[in-house]
Amino acid sequence: MDDLFAPSDVSWTPVSPKLATLRRLNAAIMAGLAAIVALLALGLSLGWLYGVLAVVVIALLFGWAWILIGRNQRSWRYAEREDELLVSHGIMFRELVVVPYGRMQFVDVKAGPLERAYGMATVELHTATPSTDAKIPGLHPDEAGRLRDRLSALGQAQAWGL
Amino acid sequence: MTEQAVETVGQRLHPLTPFVKGWGYFVVAAVALVNNEGLRSNLTFAGIGLGAVLVGGILLGALSWWYTKWQLTGDAIRVDSGFLFRRTRIIRFDRIQAIDVAQPFVARLFGMAELRMDVAGGGKSDGKLSYFTYAEAQELRTTLLVRAKGEQAAEQQEHEQQAEAEAPPLLTVPTARLLGATLLSSTVIGSAGALIWLIVATTVLNFHVGLFAGLPLLLGVVQPIWKQVVGNHGFTLSDTSHGLRTKRGLFDVQRQTIPAGRVQGLLITEPLIWRLIGWSRVELDIAGVAGQKEDGDDEHEGAQLLPVGERTEVAYVLSRVLPGFNLANIQMHVAPERAKWLRPIGWRYLTYGVDDQVMVTTRGWVSRRTSIVLHHKTQSVRMEQGPLQRRLGLADVHVDTPMGPTDAVALHRDQVEAAALVQAQAERAREARRTVSAPVAVQTQPNAPSPDGSSSSAASPADDSSDR
């Protein structure tokens, strides 16, 4: 069933497993902050038992997020077909995007401070529609650069007026 | 400063310009004076005040008019204006995207017109030159077109102008139908119903709901009527060499050309009550119009092709935009019955259909929306599936077009069918791009980086956009 969102006539490239590490780190920071706030707020207002309970709930949620992030990371993949870029991702909410190279308006390569620290970058393809959602996170900077050059070369070669 | 003043040659605008431009200020000044308690008690003083404002206004307007001059130079139009702060604006001919002659209400009373030059990246008022007599404006427009686009294009435009003047309209929407359609729209009925309930509740039942709630409701009744009946008054569709042309409006006549090659998609809307009568509305996505300022408020609404029309008219209009297309001939596929778990009533109306040039999707049981997208205008194809849909084995397929009213999505299809549709749709878009591009294909660059020596089509990026 899974191949409905990843047609097998093209070779799919997975994204870096470090994407999961990065997202888990992000989640850990958020969960840690939330836990401290909850512990102090509930602990001081209602009693420390509630504070500790809240921390346990947050820890459980974090554990769940840990698993989801792993699954989600494994679901991200992309493929370069002759005329189109395909991006497929998601487990709970699955999505497959097919964008013809010729429809490309511009390409973004983004990397935040954490992403840079982990040696990763995000490539995003923009068309004339904001609803086109062709974003590939968790790429090695070299791969991101290669993809960007290739996409812009192909986009120019096959460019299409509106 | 002084030498500039000396060197400014060129022509002045129409002498009535200050009055046409400034009439609003006079009205405001008069109203302000009349409404002022202190002034009303002293009529002579009010009269003097009003007179002073009038004279001052006319004087300022006249000064501004006196110092505004325009001239055509070798490659640009130059406008000098301002008497305290001089300003010179030079608009190069090759930067002018389009030139329109517009007649706002007051100007029309005096048989005057303003020239609006669309400059890429410019704001709304950047390329305005007002006012001329109507004939003068037309003449100047022709001259500018010749300079900007060459003799041929200008002649074409000229023909278009003549054709527009001569050609009988393809169809006209009667005002009575506009009014009827607006009265039967759900906003108006809903607001009117609520308003009546509010009045009954306050007067008869002595509920003190507060009549302030009536204001937005009243607005809900009046505003759509105003917008439809005044804005679309005398809606006419006519055929020109450049494409279809619409003309509408009671006070501000708005004209819009719909070049055939730039239509991205269509949307047919049939609200519940309209459907019983057989009325529907047709809107268009046009490249470049969504973000353009045709006249202020309609910015992201695309273009109207038919504000309200009967079924035969809708079919006719569609066949004008998409030659050889007939909605009735398209085999529509209904969503599988298990979609009723997500759309208990509406699932029956979730359909899609495909032919060799478009994909059609419908949805909505209260207000039916039929979206038509052209294969060779497809921006991207997406398949989406949420957790509930996964349980039911359903998926959505979106076919994206640039900004506009069209929103083509085949909701809640069987997931295997959806996956096949995504592939087929991508394939069709690819084929359509190739076949349409074939006669105008320009080899821009060898497709070097393709892994398997692809034979992908190369087309000029300016393909469709070059004809504006």
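What percentage of the 162 residues of chain A count as buried, and how do the helices H7, H8 and H9 of chain B pack against one another?

A: The model is a predicted one, and in it 33% of the 162 residues of chain A count as buried. Chain A has four helices and seven strands, which follow one another from the N terminus in the order β-α-α-β-β-β-β-α-β-β-α. When contacts in chain A between residues at least 6 apart in sequence are considered, 55% of them join residues at least 24 apart. An unreviewed UniProt entry annotates residues 25–42 and 48–69 of chain A as "transmembrane region". The model is 100% helix over residues 25–42 of chain A, with the end C-alpha atoms 25 Å apart, and it is likewise 100% helix over residues 48–69 of chain A, where the end C-alpha atoms are 31 Å apart.

Turning to chain B, helix H7 spans residues 175–183 and helix H9 spans residues 214–231, and the two pack with their axes 9 Å apart at an angle of about 155°. H7(B) and H9(B) are therefore roughly antiparallel to each other, and their crossing is right-handed. On the H7(B) side the contact involves B:Thr175, B:Leu178, B:Leu179 and B:Thr182, which meet B:Pro224, B:Ile225, B:Gln228 and B:Val229 of H9(B). Sorted by class, the residues of this contact of H7(B) with H9(B) are five nonpolar and three polar, with no charged residue.

Helix H8, residues 186–203 of chain B, also packs against H9(B), the axes coming within 8 Å and crossing at roughly 145°. The crossing of H8(B) and H9(B) is left-handed. Here H8(B) contributes B:Thr187, B:Val188, B:Ser191, B:Ala192, B:Ala194, B:Leu195 and B:Leu198, while H9(B) contributes B:Gly214, B:Leu217, B:Leu218, B:Gly220, B:Val221, B:Pro224 and B:Ile225. The contact of H8(B) with H9(B) comprises ten nonpolar and four polar residues, again with no charged residue.

For chain B, the unreviewed UniProt entry lists residues 20–36, 43–67 and 178–200 under "transmembrane region". Over residues 178–200 the chain is 91% helix and 0% strand in the model, and the end C-alpha atoms are 29 Å apart.

How values were computed. Residues numbered from 1 in each chain as written. Chains lettered and ligands numbered in written order. Predicted model: local features only at pLDDT ≥ 70, side-chain atom pairs only at ≥ 80, totals over all residues. Axes fitted to C-alpha atoms, helices over the stretch in contact; angles between N-to-C directions. Parallel < 35°, antiparallel > 145°, perpendicular 65-115°, else oblique. Left-handed = near helix turned anticlockwise from the far one by under 90°. Contact = placed C-beta atoms within 7 Å. Nonpolar A, V, L, I, M, F, W, Y, C, P; charged D, E, K, R; others polar. UniProt positions renumbered as here; feature names shortened; annotations may be inferred. Buried ≥ 20, exposed ≤ 12 C-beta atoms within 10 Å, placed from the backbone.
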